[in-house]
Amino acid sequence: MAELLGSPKNAGLDAGSASKAENVPIQVTSIRLTKDNYLSWSAALEIGITSRGCLSYITGDKPAPLKSDPQWEMWALEDSQVMVWIISSVSFGIQPLILRKPTSFDMRTVLAKMYGRKKRHLRTYQIKRSIYSLMQGDLSVAAYYAALKTKWEELDYHVTDEWKCGSDHSLHWEKEWMDRMFLFLGGLRDEFEPIRSQILNGDEIPGIEEVYARVESEEQRHQVMHLTTGSVPSAFVSRASGTGQRPARRCTHCNKLGHSANFCWDLHLEKRLVRGRPPSGRRSPSLSDSSQGTPSSGVKTTKLSPDQLKELQAYIGRLSTTPEESSTSDGAQLTQALVASSDQEYSKTKNSIEADVASSRILNNS
């Protein structure tokens, strides 16, 4: 044996193996085995070891040769490398349980017995409970579907039913995936209610992959519509609240909106005659209301003194063209209206009467 190890052939083998071992990474997966993630850890470990061409070591398809076999050293070197990968991929609390195992196959077997199918019914209950309570919430459709798919795969691993009829087995899985599609649709947010109703009201229920694709497309459409319509209100707001709007005019004399002091009818009677009607809210009281003595709201009415009445009658007489016009019904009605007006409105009422008389003269001349 010593001669065999000291031969040039084995010396070259040792040099090549040492060079190969130095170039091999220590980790093949970033997932560390815990008490609850054996399924995902086992899948990631198998992928990593398969990519290195050493899967047969952990499956038992490449057992250890006799130590007298010339291939034993190469096998021991490669199996030791697989053992390093397994040890580096488990948590620190689990590492002491497998350090004394002679081969990588023994390590994998121990871990499978301890965490693979231990308390299978309890783990199945936990997985199903988490599946039925899982909702989309703030997750995207892709993240929500991925979470469900991971739990479904773990559930399938723990459920090992034996079927004697192949057709019954296929019918079972067809019903199982339909139930999973209902769970996926039921956990979606309310904004997907239209696409959910469209799928469920169809003549044929599509598969879970097609349902996911349609829901994910609807999510993208919502995102595009949100981005498109999100800028519209701001544009309207900027136009409505912009500084380019024409400010409302306010009269400095009567303190009313809609006109300026240059167009105020209280100051410019000629503009009132041109328009043909008084401004809104400042119409003179009707003759019938004045004759009945009905006061306007908020105005204190007092009767004119005899001297004031004589002065007013003389003023009306001077405005008339003929003596007959001074005794017309219009003059009498104007006199009655002035009697019911207040002393404070005396000057304004006088201007109003002057404008009415002038208007009557214009109409008579025409």
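Helices here are DSSP runs of H or I with at least four residues, numbered from the N terminus. Axes are lines fitted to C-alpha atoms over the stretch in contact, and angles run from 0 to 180 degrees between N-to-C directions.

Hi everyone! This is a predicted model, where local features need pLDDT of at least 70, side-chain atom pairs count only at pLDDT 80 or more, and totals for chains, interfaces and linings use all residues. Residues are numbered from 1 along each chain as its sequence is written, and side-chain values use heavy atoms, leaving out hydrogens and water.

Let's start with a helix pair. Helix 7 (residues 120-133) packs against helix 8 (residues 141-158) at about 155°, with axes 10 Å apart. The two are therefore roughly antiparallel (an angle over 145 degrees). Residues in contact (heavy atoms within 4.5 Å) include Ile 127 of helix 7 and Trp 152 of helix 8.

Finally, salt bridges: a side-chain nitrogen of Lys or Arg within 4 Å of a carboxyl oxygen of Asp or Glu. The count is eight. In one of them, Glu 78 meets Lys 62 at 3.8 Å, N to O. Glu 78 lies in helix 5 (residues 72-88) and Lys 62 in the loop between helix 4 (55-59) and helix 5, so the pair ties together parts 16 residues apart in sequence.

Terms used: Parallel < 35°, antiparallel > 145°, perpendicular 65-115°, else oblique.
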